[in-house]
Amino acid sequence: MTGAVSTAATISPAPATRVFVGDLSGSDARVGVVATDHSARIFFCGGATSVATMTHWFPAVPIEAAHGDLAPAGPTAGWSVVGQVDDTGTSGTVTPAGGPVFSFHALPVAKGTIAGLYEAASPCGKVGLIVAQGSAADEPAGQGACVPATGGASPEQVNPIRPIERAPDGTIAVVVAGAQLPVHAATAPP
């Protein structure tokens, strides 16, 4: 056969996804990050004393590829975040709407654990759950909240069903407003 044309397309590999969990200095809030080399999804989740004031989603924060800097995309609902992402962790500062500046640091999740950032949609809004687990031998700990889709309402605490474990489909069960909801591992922004 002469003049055969190749129809195979060149496919670029998907960017590697990295997942980090950590804390905010001087607060009971936690942070979960899912990042590629180009962007990050970041969830700050307040604890028992700060869920209303320290809970916020940054759905897509650009990352400057050469140095891993979180490129400030401007405030989101009065919040701002700056920092760096690399293979060893994520660190920086976050300024909640009308609040003081907090430092944060998050480490890569350990292999063999269920640690990470989980999410779902719910009638209350966007649900986020941060699961921390230092090693496979450690008991997982979870902290979550539902952030209302409309402004003005406060985030609502989300409680993981104990013991915290991943179902065969990869979800973790939480209770939101008295109803059970499965949350799935958060994906990196496009």
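Predicted model: local features only at pLDDT ≥ 70, side-chain atom pairs only at ≥ 80, totals over all residues.
Me: What makes C124 and C146 a disulfide?
Reply: Their sulfur atoms sit 1.9 Å apart, and the cut-off is within 2.5 Å, so the pair qualifies. By this rule the count comes to 1 disulfide.

Me: Which parts of the chain does the pair link?
Reply: Distant ones, 22 residues apart: C124 lies in the loop between β9 (116–122) and β10 (125–132), while C146 belongs to strand β11 (residues 141–147).

Me: Why is the disulfide of C124 and C146 called right-handed?
Reply: Look at the torsion about the S-S bond: it comes to about 115°, so right-handed it is.

Me: How do you know whether C146 is buried or exposed?
Reply: C146 has 1% relative accessibility. Buried means under 20%, so C146 counts as buried.

Me: And what about C45, where is its nearest cysteine sulfur?
Reply: That would be the sulfur of C146, 11 Å away. Since a disulfide needs sulfurs within 2.5 Å, C45 is in no disulfide. With 0% relative accessibility against the limit of under 20%, C45 counts as buried too.

Me: Why do β12 and β13 count as paired?
Reply: Two strands pair if there are at least two bridges between them, and β12 (residues 156–160) and β13 (residues 172–176) share 2 bridges, in the antiparallel sense. As for P160, its bridge partner in β13 is V174.

Key. Residues numbered from 1 in each chain as written. Heavy atoms only, no water. Helix = DSSP H or I, 4+ residues; strand = E, 2+ residues; numbered from the N terminus. Buried < 20%, exposed > 50% of the residue type's maximum accessible area, 1.4 Å probe, protein only.
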